Amino acid sequence: MDVRRPNYLKREDFQQLIDLLWAAGYQVLGPQVHEGAILYAELKRIEQLPKGISDHQIPGRYSLETTDSPRWFDWANGPQAIKPLVFPSRETLWQARRQADGTIEFMIPEQQVPKVAVLGVKACDLAALRLQDQHFMEGSYIDPGYAAKRMGLLLVGINCSHASEACFCHSTGDGPEITNGADIALAELETGFVIRADTPAGEALLQQLPLERVAAEQLAQVKSQTEQTVQQQVRRLPVIQPDQLQKLRDHPQWDDVAERCLACGNCTMVCPTCFCHHQSDELTLTGELSRHQREWDSCFGESHGHLAGMQVRPDVKPRYQQWMIHKLDVWQHQYGRSGCVGCGRCTSWCPAEIDFVAEVRALTGETP
Ligand code: SF4
Ligand code: SF4
């Protein structure tokens with residue numbers, strides 16, 4: 001059977017995919033409901049998957065509802081993508097220890113390659129991971145911790161069959177269909193999955209599953225689900241040209257949004273492409289050992305704008321400008337594309353109900 005082409009896996013056989021991944025030495029993570037949201041957590045049994053769960057997301061609101069659907073992947077996303085698996089919110093980069101003779105020994109933690117398989121990764125989050133790869137692995141310096149974690153990752157992507165009210169991945173060109181970036185690509189139907197392997201690792205796994213030939217009607221159903229999901233997306237991010245937002249720094253909309261923004265940084269914490277961080281040293285009380293820590297930072301925080309002894313972004317307006325102009329405009333010079341993949345998280349998790357797309361449209365003069 002050619003597993004590089006779409007085949008069919010019955011719903012009752014899905015457990016075999018999970019078992020196969022564990023048997024191949026992966027820790028398997030999959031979507032589950034935790035504290036009212038979808039999160040990736042350790043997955044052993046299909047019963048842990050969010051059966052018949054769908055999400056509603058609007059500016060400042062995220063909620064789940066239970067339906068009678070047999071589906072496990074009928075939701076858009078949760079508060080975190082797969083970023084924390086490769087770029088943890090807090091990690092030790094190195095340690096330094098004072099020796100008895102007064103010299104200092106530097107120790108870099110040994111980089112393990114943890115084998116982790118993530119089931120049910122959405123297209124927008126795969127696109128975000130691609131951007132993180134560019135940042136951490138394809139610049140002048142390769143981040144060894146990120147590279148090790150990334151190397152051990154096996155990704156099972158799934159087409160979205162439901163878009164939340166906050167999603168706009170179609171307008172950024174990043175979804176809702178899995179086209180690349182996954183080892184295995186799935187599309188869920190009522191009774192099972194259309195499944196194909198996109199990499200040799202995926203191929204080796206699918207060879208061991210009881211796959212069936214996919215019917216033309218099943219492929220047509222997948223296509224129609226994707227089209228429906230696109231139709232559900234009510235938000236559309238305008239195309240921003242490089243330098244376009246930079247030239248709009250005097251637009252009155254920045255004052256308007258700065259009045260509403262709390263500078264809490266939630267938007268940057270949930271964004272799957274944000275990579276800003278700060279580093280600090282933690283000393284033990286005896287002064288013999290220090291740990292050099294890296295933690296996620298936000299362009300909305302005080303410390304982020306504290307450069308060369310002065311505060312370069314003293315209030316909310318320049319901080320909001322930094323977030324949006326970097327993400328949508330300057331990023332194009334740095335990475336060849338915008339830094340937004342249309343997941344909508346920054347809008348859903350904003351306590352001030354700020355709608356990212358609406359702000360962009362107001363700035364660029366597009367009607368809402
Ligand atoms: S835009 Fe919203 S989430 Fe982001 S810092 Fe402002 S209030 Fe917080
Ligand atoms: S800017 Fe907002 S919509 Fe775009 S990738 Fe980040 S969180 Fe998602």
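**Entry 1: a starting residue**

I began with Arg150, which is buried at a relative accessible area of 18%. Buried stands for under 20% relative accessible area, exposed for over 50%, and partly exposed for what lies in between, with a 1.4 Å probe and protein chains only.

A note to myself on the model: it is predicted, so local features need pLDDT of at least 70 and side-chain atom pairs count only at pLDDT 80 or more, while totals for chains, interfaces and linings use all residues. Residues are numbered from 1 along each chain as its sequence is written, chains are lettered from A and ligands numbered from 1 in the order in which they are written, and side-chain values use heavy atoms, with hydrogens and water left out.

**Entry 2: salt bridges**

Which residue does Arg150 meet in a salt bridge? I found Asp133, with 2.9 Å from N to O. A salt bridge here is a side-chain nitrogen of Lys or Arg within 4 Å of a carboxyl oxygen of Asp or Glu. This pair links distant parts of the chain: Asp133 sits in helix α3 and Arg150 in helix α4 (residues 144-151), 17 residues apart. Helices (H or I, at least four residues) and strands (E, at least two) are DSSP runs, numbered from the N terminus. Asp133 is buried too, at a relative accessible area of 6%.

I then asked how many salt bridges there are by this rule. The count is 25.

Next I looked up Asp125, whose side chain meets that of Arg345 in a salt bridge of 2.9 Å, N to O. Here as well, distant parts of the chain are linked, with Asp125 in helix α3 (residues 123-137) and Arg345 in helix α11 (residues 345-348), 220 residues apart. Asp125 counts as buried because its relative accessibility is 2%, and Arg345 is buried at 1%.

My last pair was Asp355 with Arg235, a salt bridge of 2.7 Å from N to O. Asp355 lies in the loop between α11 and α12 (356-364), and Arg235 in the loop between α7 (216-232) and α8 (253-260), so I am told by the numbering that they are 120 residues apart. Both Asp355 and Arg235 are buried. Elsewhere, Glu91, Asp143, Lys149 and Arg294 are joined into one network by salt bridges that share partners.

**Entry 3: the seven-stranded sheet**

I traced an open sheet of seven strands in the order β1-β11-β10-β9-β8-β2-β3, with mixed pairing. Two strands pair if DSSP finds at least two bridges between them. Which strands stand at the edges? They are β1 (7-10) and β3 (37-42); each has a single partner strand, so one side of each has no neighbour in the sheet. Neighbouring strands are turned by 30° against each other on average, direction ignored. The axes behind such angles are lines fitted to C-alpha atoms, for helices over the stretch in contact, and angles run from 0 to 180 degrees between N-to-C directions.

Inside this sheet, I followed β9 (residues 153-158) and β10 (residues 184-188), which pair in the parallel sense over three bridges. Ile158 has Leu186 in β10 as its bridge partner.

I also stopped at Leu119, which is found in strand β8 (residues 116-121). Is Leu119 buried or exposed? Leu119 is buried, because its relative accessible area is 0%. Setting aside neighbours within four places in sequence, its contacts (heavy atoms within 4.5 Å) include Phe14, Leu17, Ile18, Tyr40 and Val156.

**Entry 4: the four-stranded sheet**

This open sheet runs β7-β6-β13-β12, with antiparallel pairing. Its edge strands are β7 (104-107) and β12 (277-283), each pairing on one side only. The twist averages 20° from one strand to the next.

I checked two pairings. Strand β6 (residues 90-98) and β7 run antiparallel and are joined by four bridges, with Ile104 in β7 as the bridge partner of Arg98. Their hairpin has five residues between the strands, and Gly102 there takes a positive phi near 90°. Seven bridges join β12 to β13 (residues 289-296), also antiparallel, and Ser280 stands opposite Gln293 in β13.

**Entry 5: ligand 2**

Which residues surround ligand 2? Among them I noted Phe168, Cys271, Trp323, Lys327, Cys340, Cys343, Cys346 and Phe356. A residue is near a molecule or strand if one of its heavy atoms lies within 4 Å of it. By class, I read off nine nonpolar, two polar and one charged residues. Nonpolar covers Ala, Val, Leu, Ile, Met, Phe, Trp, Tyr, Cys and Pro, charged covers Asp, Glu, Lys and Arg, and the others, Gly among them, are polar.
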